[in-house]
Amino acid sequence: MGRPDKTAAVAEIADAFRESSAAVLTEYRGLRVKELTELRSALGVDVRYAVVKNTLSKIAAREAGLADLEALLEGPTAIAFIKGDPVDAAKGIRDFAKTHPLLVVKGGVMEGKTLSPDDVTKIASLESREVLLAKLAGAMQATMAQALYAFTALPVKAAQLAEALRQKAEADPSILRGGAGTPAPAEVAVDADAPADAEAPADATAEAPAEAPTDTPADAPADATDEAPPAAGTTETEA
């Protein structure tokens, strides 16, 4: 390959492979120039869709370290060199092929790995970079909102706890002295089997009833001041 124009063409294709995030090889047999122009417009500014010569492209693929692509460089070939999001480019090619069946995907390469036509279809079914970034931003925003709520809730809960403790201390100051609070009065257990009218046992400390006074015996001597009865068989003399 001594011609300078061919050397420049190979170098250009090799640089395109190196600088692209991915590349998709297609067969455009039967497509008109107008339809190829429509495809270029659909792929956007981040994709360069170029018709190449297979012999020069094989040499360029080897120089770029992509020798596995040589098997795909047969028949009329056009390569989509992708510098943007590979998902968007794959979607554009897939959608165009649905309305233009003459466009056939041969395969491709992404990050040094050779892709089959099925791999390109799978990439086209993925969510685009913009959608993923939007979802990531939404998830991060939701996480930050939850974190902000948690940090805001902590002082509120602490204030509520302090207020509850203050109210409890006002009702029972012993809590502030390290006590557990004034215990509630113990309840007296009641025997359910005891009769309702049962008398309570007498208190051992109760005073005994006063002893009743004894009667004076019948043979007690009469009071000296009492008048003695007259002796039997005597008569009362006149004064």
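Lys 83 pairs up with Glu 19 in a salt bridge, with 3.8 Å between the closest N and O atoms; the term covers a side-chain nitrogen of Lys or Arg within 4 Å of a carboxyl oxygen of Asp or Glu. The pair joins distant parts of the chain, since Lys 83 sits in the loop between β3 and α4 and Glu 19 in helix α1, 64 residues apart. Helices here are DSSP runs of H or I with at least four residues, strands are runs of E with at least two, and both are numbered from the N terminus. Both partners are exposed, Lys 83 at 56% relative accessibility and Glu 19 at 52%. On this scale, buried means under 20% relative accessible area, exposed means over 50%, and partly exposed is in between (1.4 Å probe, protein chains only).

The model is a predicted one, so local features need pLDDT of at least 70 and side-chain atom pairs count only at pLDDT 80 or more, while totals for chains, interfaces and linings use all residues. Residues are numbered from 1 along each chain as its sequence is written, and side-chain values use heavy atoms, with hydrogens and water left out.

A search of the whole structure turns up nine salt bridges. Another of them brings together the side chains of Glu 12 and Arg 48, at 2.9 Å from N to O. Glu 12 belongs to helix α1 and Arg 48 to strand β2, so this pair ties together parts that are 36 residues apart in sequence. Glu 12 is partly exposed at 43% relative accessibility, and Arg 48 is partly exposed too, at 40%. Then there is Glu 74, which forms a salt bridge with Lys 58, the closest N and O atoms being 3.0 Å apart. With Glu 74 in the loop between α3 and β3 and Lys 58 in helix α3, the pair ties together parts that are 16 residues apart in sequence. Glu 74 has a relative accessible area of 47% and counts as partly exposed; Lys 58 is also partly exposed, with 22%.

Lys 106 is buried yet has no salt bridge, and the nearest side chain of opposite charge, Glu 27, is 4.7 Å away. What lies 2.3 Å from a polar atom of the Lys 106 side chain is the backbone oxygen of Glu 74. Leaving aside neighbours within four places in sequence, the contacts of Lys 106 (heavy atoms within 4.5 Å) include Leu 25, Thr 26, Leu 72, Gly 75 and Pro 117.

Helix α3 (residues 54-63) has Asn 54, Leu 56, Ser 57, Ala 60 and Ala 61 as its buried residues. They cover an arc of only 155 degrees around the axis, which puts them on the same side of α3; the arc is that of the directions from the helix axis to the C-beta atoms. These buried residues pack against α1 (4-19), β2 and β3. On the α1 side, Ala 14 is buried at 1% relative accessibility and touches Ala 60, Glu 63 and Ala 64, not counting residues up to four places away in sequence. Just after α3, Gly 65 takes a positive phi of about 80 degrees.

Finally, the loop between α4 and β4 holds His 100, which is buried with a relative accessible area of 16%. Setting aside neighbours within four places in sequence, His 100 is in contact with Leu 31, Glu 35 and Glu 38.

Definitions and conventions
Lys and Arg count as positive and Asp and Glu as negative; His and the chain ends are not counted. A polar contact is a pair of N or O atoms within 3.5 Å; within protein, one must be able to donate a hydrogen and the other to accept it, and residues adjacent in sequence count only if both atoms are side-chain atoms.
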